[in-house]
Amino acid sequence: MKLPTISFVMVLIAPLALLPCVVKNAESSSLPTGTKQQQQTAYQTPTAQASPAASESPLASQAATPDDKTANAPEQSTCRRFFNLLLQFNWSNWAIVLVAIWAALTAKNTLTSIQSQAETAKQDLVITNRAHLYLSEVRITFYEPQNVYEETTTYRFEIVYPIYNGGQTPALYIGSFARTIVAETAPQQISEAATALDKPQSAVVPPRSQEPLRPLYPSWVDKPELDDIRAGKRKLFFYGKLVYRDIFDAERHTRFTLSFSGTPAEEGKFKHMAFESGKGLNWFD
């Protein structure tokens, strides 16, 4: 054990070791006056009674004296031993203990600060270099009706939604959940079924790529719905989320909500869909 450690232990043990001595002194000093006088009388009475014997046998009186003096010797020796042990440690040892404690606290604070800075640097590294998938130039194309009956006529359409990577590193595209709905307002929530991907796949999207992925979403609307879309009474909403992983093996998501209303393009031609504005409609994590 090193000297500073021994000194520190002595600082903790010394008060406890000296406590019996302090208590004894306090008890002896707090005795009542009458008790002390009785003790003095008790000590003097045997001496007076033993004086005739002492005159007859001086050696016996001298032999009893050492036993009386050594009656309290063990406790006095114990207290004196601890005092002597404490005196062996000089002020320089106490200074070493205090410096060691200060150094330990300083080292702990420094380590905490370093860990916090490392965590911040790690987060900055992830934010700066992570992948970021987003949609751009989403377009919709309507085709000729498949049925000629008034009530059952349906119009088929296709939505192409190019996926770009705006980050600094490649992304592993896993798949997407996408749906369409004809409504007056945009859907705020994606149902629980959104967690089940429609078309799981594995594709690497390079960073800052000029040639994106081009998934295709086909569906249809009936004639009353198309009439409302043309008149602007309702919109055709295209919404969902992209799922992918970055180089840090973290799963990422991109939520999107787009819409179309107005007159569709001619057969075989397309029109662009616009992103909806509103809280929670378009975001990425």
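1. Phenylalanine 142 and phenylalanine 157 are both buried (under 20% relative accessible area with a 1.4 Å probe, protein chains only; exposed is over 50%, partly exposed in between). A word on the basis: this is a predicted model, where local features need pLDDT of at least 70 and side-chain atom pairs count only at pLDDT 80 or more, while totals for chains, interfaces and linings use all residues. Residues are numbered from 1 along each chain as its sequence is written, and side-chain values use heavy atoms, with hydrogens and water left out.

2. Ring geometry. Seven aromatic pairs turn up in a search of the whole structure (rings of Phe, Tyr and Trp, the last by its six-membered ring, with centres within 6.5 Å; planes under 30 degrees apart are stacked, over 60 edge-to-face, the rest tilted). For phenylalanine 142 and phenylalanine 157, the ring centres are 5.6 Å apart and the planes lie at 50 degrees, so this pair is tilted. Phenylalanine 142 belongs to strand S2 (residues 139-142) and phenylalanine 157 to strand S3 (residues 154-160), so the pair links distant parts of the chain, 15 residues apart. Strands here are DSSP runs of E with at least two residues, and helices runs of H or I with at least four, numbered from the N terminus.

3. A ring cluster. Tyr161, Tyr217, Phe238 and Phe256 are linked into a cluster by ring pairs. Within it, tyrosine 217 and phenylalanine 238 have ring centres 5.6 Å apart and planes at 50 degrees, so they too are tilted. Tyrosine 217 is in strand S7 (residues 216-222) and phenylalanine 238 in strand S8 (residues 235-245), 21 residues apart. Both tyrosine 217 and phenylalanine 238 are buried.

4. Charges over rings. Which ring does arginine 139 lie over? That of phenylalanine 270, at 4.6 Å from the ring centre. Arginine 156 has its charged end over the ring of tyrosine 143, 4.2 Å from its centre. The criterion is NZ of Lys or CZ of Arg within 6 Å of the ring centre and within 35 degrees of the ring normal.

5. Strand S8. Nine of the eleven residues of S8 are buried, so the rest of the structure largely encloses this strand. S8 runs antiparallel to strand S5 (residues 171-183), with eleven bridges (strands pair if DSSP finds at least two). Lysine 241 in S8 is the bridge partner of phenylalanine 177. Ten bridges join S8 to strand S9 (residues 251-260), also antiparallel.
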